[in-house]
Amino acid sequence: GWGGGGNGPVGLVIFADPDYRGYSLQVRGSIDSLYGSGLDDEITSVRVISGRWELCNNANFGGQCVVVDRDTPNLKTVNMNDRVSSIRRLR
């Protein structure tokens, strides 16, 4: 199946629908492409368990990116609703 960015502790949970609903995946590390995950260009909300995360609208962390460090019930507030294609943990 699809991996979720490694095997460390869960740092981020991504959701297809607003307010942490719908299809979700636990993210453990950086993901250079969400293709095949079921959530490429489909993420609407995120729960930040730990750390800071960069969400980008192109694969390989390209295009427009935003940093999230807290739960975000609707990515429309940061102009990234249904636009995220890669995710990476920031140090």
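**View 1. From the N terminus on, the protein chain runs β-β-β-β-β-β.** The chain has six strands and zero helices. Both element types are DSSP runs, numbered from the N terminus: helices are H or I with at least four residues, strands are E with at least two. This is a predicted model: local features need pLDDT of at least 70, side-chain atom pairs count only at pLDDT 80 or more, and totals for chains, interfaces and linings use all residues. Residues are numbered from 1 along each chain as its sequence is written, and side-chain values use heavy atoms, with hydrogens and water left out.

**View 2. The protein chain as a whole.** Its C-alpha atoms fill a box of roughly 30 × 25 × 25 Å along the principal axes. Of the 91 residues, 38% count as buried. Buried means under 20% relative accessible area, exposed over 50%, and partly exposed in between (1.4 Å probe, protein chains only).

**View 3. The open sheet S2-S1-S3.** Three strands form this sheet in that order, with antiparallel pairing. Two strands pair if DSSP finds at least two bridges between them. Strand S2 (21-27) and strand S3 (45-48) are the edge strands, and each pairs on one side only. Four bridges join strand S1 (residues 12-17) to S3. Leu 12 has Val 48 in S3 as its bridge partner.

**View 4. Glu 54 in strand S4.** Strand S4 spans residues 52-58 and holds Glu 54. Glu 54 is buried because its relative accessible area is 15%. Its side chain makes a polar contact of 2.6 Å with the side chain of Arg 88. A polar contact is a pair of N or O atoms within 3.5 Å; within protein, one must be able to donate a hydrogen and the other to accept it, and residues adjacent in sequence count only if both atoms are side-chain atoms. Not counting residues up to four places away in sequence, Glu 54 touches Cys 65, Val 66, Val 67, Ser 86, Ile 87, Arg 88 and Leu 90. Contact means heavy atoms within 4.5 Å.

**View 5. Val 67 in strand S5.** Strand S5 covers residues 62-68 and includes Val 67. Val 67 has 43% relative accessibility, so this residue counts as partly exposed. Leaving aside neighbours within four places in sequence, Val 67 is in contact with Arg 52, Trp 53, Glu 54 and Leu 90. Val 67 and Arg 52 lie 15 residues apart in sequence and 6.8 Å apart in space, C-alpha to C-alpha.
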